[in-house]
Structures are given as C-alpha cells and as structure tokens.
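Please consider the following structure, shown with its sequence. The account below is intended to guide a reading of the coordinates.

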Amino acid sequence: MKRILFITAIALILNSCQKQGNNPAGTEIQTTFFTNISFGDDKETVLNGFYAQGFTDAASKEKDAHFDSIPTGDGNNFIQLKILMPPHPEGFDFQGLKWNNVQVQLDSKGLFSMTFHSPSAGKEKIERQCRQLLRTLQKKGYGMARTVVGQSSIEGQATHIVGYRYSDGKRIVQFYRNDTGDSLSSISLSYTEN
C-alpha cells in the first residue's frame, strides 16, 4: 500500500513538473550528484556511478540492471525507476541531513530525477529537519516557495501534501514531509530536470 501511495506521489510530482511553466527564478539548480552522476546520463552510467560508491539495489544486495517502470501520461512511453541503498546502514549525507536511500528515474533521454528519502522519525523531529533543509536550500539561493506538491490518502480521505518548491526554468527542486500514518514521518527531496 505504501508503495502504491509512493508511486502515486511520484506520478503527481512528474505531472506537476510537466505542467510547471518556464519560470526562471535566478539561481541554477545543481545537475550533478555524488560527484559523477548527472542529469541526462544513461542507465549504465548511472548504475556504474552508484555501484562504484558502494550503493546497492534496494530490492537485492546484488548489482541489478533491472528497473521498475511506470507509464507516462501519454501511455506510449515508460519511466524507469530504481531505489538504491547506501553502503552504510546509517545512511549518507546530503544537504546537511542523513538520507536512507535515493530513487533514480530515467526516460528515453536519460536520468531526469533523483529523489532522496530520509529515515522515518517522529513528526516533530522531521518538522525540525524540514526547517533545517529549507534554510540550507535558501542559502544556496533557491527561492523555495511553499506549495501543494501532491495528494495523499494514507489516512483515509485525500489530503494535500504541502512542501516547498523552486524552479530555475529548466529544473525543479522540491521537498515535503511524508507522513506514514503511524505517527512517523520522513522527508522526500527531489531534483528534477524538465
């Protein structure tokens, strides 16, 4: 059930990215991650880059070229996605926080989205981490604006998922608190190229 909701949230994010107008706002959003993985890289380059740094496939501890796929809005193409786990169980550092895993998404043009997921924690702790992340991203010059980034029905009725988003006209960075329905939350931070 959580996976379905997670994929629904990703589909909403992708849909909002496609609808996002060309809104140049100033500071360009980064395009390279983990030193050598960049938007537009093909599947082999992305996987080799992560595997070289000790990441493994979340579905198995073996190197695996298999990706899950979801159809795009037009129904003719697919987005390939994979969740990768860091080499250390305590996670990895990025933007001043610890992250549990990273999800990569590719289309026919290559890597176009990376989503970082934090470990689950109590809602108050996650709220503090969200404020810290907001300050960190603002210091980079990203004019993060509070906005609705999707819908969730994890606790019965559909509710808005409110987060923060910034676009430089070519790329979007956004994050939101992801409530799991058991008094725990996590943070999802996405970088997407239009």
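The paragraphs that follow treat confidence, a helix, the aromatic rings, the nonpolar core and a loop residue in turn.

This is a predicted model, and its protein chain has an average pLDDT of 84, with 81% of the residues scoring at least 70. Over residues 1–25, however, pLDDT stays under 50, and the model has 40 contacts beyond four places in sequence for this segment. Where pLDDT is low, the predicted coordinates should not be read in detail.

Helix α2 spans residues 43–52, and its buried residues are Val46, Leu47, Gly49, Phe50 and Tyr51. These buried residues pack against strands from several parts of the chain: β2 (37–38), β3 (56–57), β5 (78–85), β8 (101–107) and β9 (110–117). Just after α2, Gly54 adopts a positive phi of about 90°.

Aromatic residues provide a further view of the model. The whole structure contains 17 aromatic pairs. One of them joins Phe33 and Phe94, whose ring centres are 6.3 Å apart; their planes meet at 55°, so the pair is classed as tilted. The partners come from distant parts of the chain, since Phe33 belongs to strand β1 (residues 32–33) and Phe94 to strand β6 (residues 92–94), 61 residues apart. Burial is defined here as under 20% relative accessible area. Phe33 therefore counts as buried at 2% relative accessibility, and Phe94 likewise counts as buried at 15%. Ring pairs also connect these two residues into a cluster whose other members are Phe34, Phe39, Phe50, Phe55, Phe92, Trp99, Phe116 and Tyr191. Elsewhere, the charged end of Lys82 sits over the ring of Phe67, at 5.1 Å from the ring centre.

The largest nonpolar core has 37 residues, of which Phe34, Phe50, Phe116, Phe175, Leu189 and Tyr191 touch the most other members. Helix α3 (residues 123–139) gives the most to this core, contributing five residues. Leaving aside residues up to four places away in sequence, Phe175 touches Cys130, Leu133, Leu134, Leu137, Met144, Gly163, Tyr164, Ile187, Ser188 and Leu189.

Finally, which loop holds Asp168? Asp168 lies in the loop between β12 (159–167) and β13 (171–179). Its relative accessible area is 7%, so Asp168 is buried. The side chain of Asp168 has a polar atom 2.8 Å from the backbone nitrogen of Lys170, and the Asp168 side chain also reaches the backbone nitrogen of Arg171, at 2.6 Å.

Definitions and conventions
Residues numbered from 1 in each chain as written. Predicted model: local features only at pLDDT ≥ 70, side-chain atom pairs only at ≥ 80, totals over all residues. Heavy atoms only, no water. Buried < 20%, exposed > 50% of the residue type's maximum accessible area, 1.4 Å probe, protein only. Helix = DSSP H or I, 4+ residues; strand = E, 2+ residues; numbered from the N terminus. Contact = heavy atoms within 4.5 Å. pLDDT = per-residue confidence, 0-100. Phe/Tyr/Trp six-rings, centres within 6.5 Å; stacked < 30°, edge-to-face > 60°. Lys NZ or Arg CZ within 6 Å of the ring centre and 35° of its normal. Core = buried A, V, L, I, M, F, W, Y, C linked by side-chain atoms within 4.5 Å. Polar contact = N/O pair within 3.5 Å; in protein donor to acceptor, adjacent residues only side chain to side chain.
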